[in-house]
Amino acid sequence: MRTPLGWSATALACVLATAASAAPRGELPLATGWRFQLGDAPAAAQGVAFDDSRWEAVSVPHSWNRMGGSAKRRTDYQDVHGAGWYRLHFATPAGAKGRQAWLQFDAASEIADVWLNGAYLGQHKGGFARFRLDTTKALRASGDNVLAVRVDNSSPKTPGSPTRDIIPMSGDFPIYGGLYRPVALILTAPVHIAMTDFGGPGTYATVTRADEAGAEASLLTRLENMSGGAAKVTVEAEAIDPSGKVAATASSTTTLAAGSKGAVQQRLSFDHPALWDGTDAPRLYRLRVTLRDTAGAVIDEVEQPLGLRTVRIDPDKGFFLNGRHVLLRGVSRHQDRPDKGWAISNADIDEDFALIREIGANTVRLAHYQHADRAYADADRDGLAVWAEIPLVDRSAPWDQDETSPGLAANAEQQLRELIHQNFNHPSIVVWSIANEVNLEAAKGRGTSHARPLLERLRAVVHEEDPSRPATLADCCGSIPSEARPGLDTVAGITDVIGYNRYFGWYAKTPEDLTPELNRLHALYPHQPISISEYGAGGALSQHSDDPRGGPIAAFGRPHPEEFENDVLERTWPQIAALPYVWASWVWNLTDFSNEQRNEGDLTDTNDKGLVTFDRKTRKDAFYFYKANWSKVPFIHLVGRRYVDRATPLAEVKAYSNASSARLSLNGRDLGTAPCTGGICRWEAVALQPGDNRFVASASGAADDAMAWRFAGAPDRWHIRSGTLTGGAAQDGTLWASDVHVSGGEGHFRDQPSKSRGGEPGPVHPVAGTTDQTPYESWRSGRFSYAVPVSPGRYRVTLYLFEPDAAVKPGDRLFDVKAQGQTVATGIDVAKESGGAFRALRREIMVKVGDGPLRLDFVPVKGDAILSALAVDRVGS
């Protein structure tokens, strides 16, 4: 008989028997010794005699998908969707006789069919919640048992897919397949605290009052009698305070008929309680519910967290915890890892919450699905307010129809009840979210959205299951009546509170458009409290900008300079903090995460909006911006350390710190003290020295931080690529800066992908007549000006030009150039002078500069002015 790796059958039976007898309820992990096959297996795989010796040996948690986190598609990339089979041999524990046996799966993605010893136990639909199957009759009295599980993560978009009605229909994240959370055999007495209550613990506490003087909680415990006779039992409840003392008790006796279910309501009263008071004081009680028979013997016992707190969300004043106003500011989290997919460990979850603590957040959005219990437990421990969510994402109907199907509605309701039941007792959870961007596909013109009936049904489920917490949803589009159109309904106003996903400065508009948008929404729905459930920008560690406002961003493409992410967030957070009615906000996202449709920034199959890299090894600069605004631990962080080789002779040096001021030195020379406003400390126009430039920053109470830049250029020598956010290296080694010291006009970058996800840059359309494409990879058009900071002297200015539009003929585009206010070139006709589109043209002008910057004005005469690059070299005094 094969047993879990490293165990003999006898040794395993002894371990299981010991575990089963050590407590009234035995939980026996089934982690090792599994065999796995990707793809479907013959029907015989359900049975005992099937030979699985050629299947892969795996341990559980396990996922068969892997993707993301690298510049090129990883060599072990795996995005197969469909069936996967698992089989396990395990010995019946000696203590199983006379007990109920349950197989517990903490999650299986997305459909799980389960057999034990050839007997079919049942099916579960949904990839994120715990489920249990009664295996009492199928478990052998002794000896070997064979567990077989078929898991299916087929795409719901495939015609005839078994997941057609299982949410989510799609999303900005992949659906990993597998038994990716733990599996266990649970042994209970025939009379026990409910095991069939949507995977929940069976006992549920609702805090009805909590202040420093006293607190009360109502307790509902559901019971099951699976024995052949009536049973009289006593339910004892005790709340154990953070010091380990029993703070409140209750006891009730009831009788359950054979084969019946029942429930007991109790009340716990606390004198001068220790309140769960967020990150300041996350005091946790333990709720222990014990079931005793008539002789007083313990027959079942369950422990759950209990936090004594009150929550109120006001539409004008925001979030209140225990009567105290708290500005909730935090991050969203996805659960995947590059090498593990969703099959992560408790240590992995703890690492994420350590990052959340470090940044100083006090809330986390666990998106877009139910996370592992460890995540909610970590939030309890750390005092983090939690937005908990089900995976109703992008659409509210199957892909082959526009209306919500009965099956999809039932599955959404099931997953919502599972989320609430399984996590009811976590004090960290403050809202239940019923959807995320549920009409996104319709807003993009792909089908229609009639989501309101389903959303209203799910809101009613929240009110039924947990009246103590509000229902919410995250909206992206079509949120208000004026934006609604046939096939795109309005979702705002349905839930008790709401979150808006708004990416101003990234997907549309500018960051400064956020405040007017929120004020407009608040005026339209004055009684619905508003949060910002998502905002953010992508940030690539290897792509950098001299001026993040110098060109357009390719939100669905490349590049995504790290400095652009910094700039968007620096401009967004102060607006959020200044709006008292915004009850919470969550940056998207804590870490980069996988998406097989995205090829963006410097990564493949990855969404790069994280504040931390996918592997959790590198905190991006933006992480420290929020740490400067949220954390109380003194620190200073120099920004731009990954942009080492600098192209400009003058540069801004910036640090993030929660100190009031900071000091900077360059190669041991003091550059003075700068105030730190909004967490940002700036030293403008620092002259870089040829070679290495070592900066050291210091602030009161914080450890010094250092970084080094290299500069290979010369003072008063500038090479600027127009219209783009990133620089580049020429064939002769010259470093070109991104567009900088420019105002007006519009930037363009050549050969970018379409605005749909997954686009790769198309074939480069080379500019003829040059041996180096670096100055011709972008352009600026319109009416625009440069103000390049140079010292007084004579300068040669080289203009790099080409016509990017083949439809433009000679005479269609004419413009003048002014230098220091004087016209130095008239009627430039790039198409005529270069000989056609995509042909290089260079113009040189000589300029004498006195006080002030070198000013160049590009003035349209007919059509737009245009410039691809600009070189400035000092030639004399």
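User: Which residue's side chain meets that of Asp 352 in a salt bridge?

Analyst: This is a predicted model, in which local features need pLDDT of at least 70, side-chain atom pairs count only at pLDDT 80 or more, and totals for chains, interfaces and linings use all residues. Residues are numbered from 1 along each chain as its sequence is written, and side-chain values use heavy atoms, with hydrogens and water left out. A salt bridge here is a side-chain nitrogen of Lys or Arg within 4 Å of a carboxyl oxygen of Asp or Glu. At 2.8 Å from N to O, the partner of Asp 352 is Arg 333.

User: How many residues apart in sequence are the parts that this pair ties together?

Analyst: Helices (H or I, at least four residues) and strands (E, at least two) are DSSP runs, numbered from the N terminus. Asp 352 lies in helix H2 and Arg 333 in strand S24 (residues 328–333), so the pair links parts of the chain whose separation is 19 residues.

User: Are Asp 352 and Arg 333 buried or exposed?

Analyst: Buried means under 20% relative accessible area, exposed over 50%, and partly exposed in between (1.4 Å probe, protein chains only). Asp 352 has a relative accessible area of 0%, and Arg 333 has 1%. Both residues are therefore buried.

User: What is the accessibility class of Asp 314, which forms a salt bridge with Arg 312?

Analyst: The closest N and O atoms of Arg 312 and Asp 314 are 3.7 Å apart. Arg 312, at 44% relative accessibility, is partly exposed. Asp 314 has 17% relative accessibility, so its class is buried.

User: At roughly what angle do the axes of H2 and H3 cross?

Analyst: Axes are lines fitted to C-alpha atoms, for helices over the stretch in contact, and angles run from 0 to 180 degrees between N-to-C directions. The axes of H2 (residues 346–359) and H3 (residues 373–382) come within 10 Å. Their crossing is right-handed, meaning that the near helix is turned clockwise from the far one by less than a right angle. The angle is roughly 35°.

User: How many charged residues does the contact of H2 with H3 have?

Analyst: Contact means heavy atoms within 4.5 Å. Asn 346, Ile 349, Asp 350, Phe 353 and Arg 357 in H2 meet Arg 374, Ala 375, Asp 378, Ala 379, Arg 381 and Asp 382 in H3. By class (Ala, Val, Leu, Ile, Met, Phe, Trp, Tyr, Cys and Pro nonpolar; Asp, Glu, Lys and Arg charged; the others, Gly among them, polar), the contact has 4 nonpolar residues, 1 polar residue and a charged count of 6.

User: Which cysteine forms a disulfide with Cys 676?

Analyst: A disulfide is a pair of cysteine sulfur atoms within 2.5 Å, and by this rule the count is 2. One of them joins Cys 476 to Cys 477, with S to S at 2.2 Å. For Cys 676, the sulfur atoms of the pair are 2.1 Å apart, and the partner is Cys 681.

User: How many of the 10 residues of helix H9 are buried?

Analyst: Helix H9 covers residues 621–630 and is largely enclosed by the rest of the structure. Its buried residues include Phe 623, Tyr 624, Phe 625 and Trp 630.
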